[in-house]
Amino acid sequence: MSTTNQTRRPLVAGNWKLHKTIGESVALVREIKTALAAESRCEVVVAPVFTALAAVRDEIKGSVIKLSAQNVFWESRGAFTGEVSALLLRDVGCDYVIVGHSERRQLFGETDASVNKKVKAVLASSISVIVCVGESLEERKAGKTLQIVSSQVRSALDGLALDHLPNVVIAYEPVWAIGTGVNAEPEEVQQAHETIRGLVAKQFNDSLAKSTRILYGGSVKPENADLLMGQPDVDGALVGGASLTADSFIGIVKAAG
Ligand code: PGA
């Protein structure tokens with residue numbers, strides 16, 4: 001299922017990963033805020049570390065920028081030392097949570113099953129989710145890209161209600177393209193996004209599939225953003241490295257619309 005992205009509001013999210021103190025986070029978001037037009041067709045989201053969420057929330061109050069966390073635990077309370085629930089993320093002011101990033105899958109043992117639990121917990125707390133999928137280099141070399149991405153999407157969205165879908169954003173991030181400077185070819189990206197949209201249509205329905213935003217992530221920079229976001233099924237970007245400075249992040253936001 002190929003579509004045109006004219007009807008979907010583009011979204012660019014900056015995933016700051018494990019970078020920046022509270023002071024540095026506030027300074028960066030202030031620069032982004034100043035550079036952004038008051039009215040932007042593109043939805044702009046920043047995902048600082050947990051400890052900077054409250055300060056960034058205060059800095060973006062009244063602006064077009066939205067707040068995201070980078071991870072969550074699926075239980076809402078209890079004896080789970082070191083974890084943070086979706087309810088607490090809503091309490092601190094998060095509009096979004098990133099779930100299932102490949103770094104979490106690779107370094108912290110997240111599985112398709114745990115990703116699905118987290119997606120459900122976030123949606124049950126009335127926060128939107130940016131759920132990440134993507135194949136590894138080995139899987140790509142073995143010609144399994146679409147198979148892997150399809151099974152990750154299917155299980156991430158398993159058991160969701162139709163009315164949850166408007167709060168779901170999917171990010172296609174080939175693992176080999178993250179932080180490497182090598183991005184996927186626009187045609188490959190389009191093919192993966194088209195496959196993902198087709199799956200959403202099958203699992204839910206056509207109209208939800210047409211309105212679901214699918215972001216690309218993996219070495220997005222101002223220089224390649226135009227080409228990537230010019231693909232009909234690419235609705236924005238999840239940005240790591242290039243989101244750590246206001247200039248490059250804004251360059252990508254502008255390319256998105
Ligand atoms: P990158 O990271 O833009 O630095 O490749 C993307 C991501 O991890 O979301």
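Student: Is Lys17 buried or exposed?

Tutor: Lys17 counts as buried, at 18% relative accessibility. Here buried means under 20% relative accessible area, exposed means over 50%, and partly exposed is in between, with a 1.4 Å probe and protein chains only.

Student: Where is Lys17 in the fold?

Tutor: Lys17 sits in the loop between β1 (11–15) and α1 (22–35). Helices (H or I, at least four residues) and strands (E, at least two) are DSSP runs, numbered from the N terminus. Phi of Lys17 is near 50°, which is a positive value in a residue other than glycine. Most residues other than glycine have a negative phi.

Student: Good to know. What should I keep in mind about the model itself?

Tutor: This is a predicted model, where local features need pLDDT of at least 70 and side-chain atom pairs count only at pLDDT 80 or more, while totals for chains, interfaces and linings use all residues. Residues are numbered from 1 along each chain as its sequence is written, and side-chain values use heavy atoms, with hydrogens and water left out.

Student: What about Ser126, where is it and what is its phi?

Tutor: Ser126 is in the loop between α5 (112–124) and β5 (128–133). Its phi is positive, about 60°, although Ser126 is not a glycine. Ser126 is exposed, with a relative accessible area of 59%.

Student: Switching topic: which residues touch the most other members in the largest nonpolar core?

Tutor: Ile32, Ile170, Tyr216 and Ile252 do, in a core of 69 residues. A nonpolar core is a set of buried Ala, Val, Leu, Ile, Met, Phe, Trp, Tyr and Cys residues joined through side-chain atoms within 4.5 Å. Apart from that core lies another one, of 12 residues, including Leu11 and Cys132.

Student: And what does Ile32 touch?

Tutor: Leaving out residues up to four places away in sequence, Ile32 touches Trp16, Val46, Ile65, Ala246, Phe249 and Ile250. Contact means heavy atoms within 4.5 Å.

Student: You mentioned Cys132. How many disulfides are there?

Tutor: The count comes to 0, where a disulfide is a pair of cysteine sulfur atoms within 2.5 Å.
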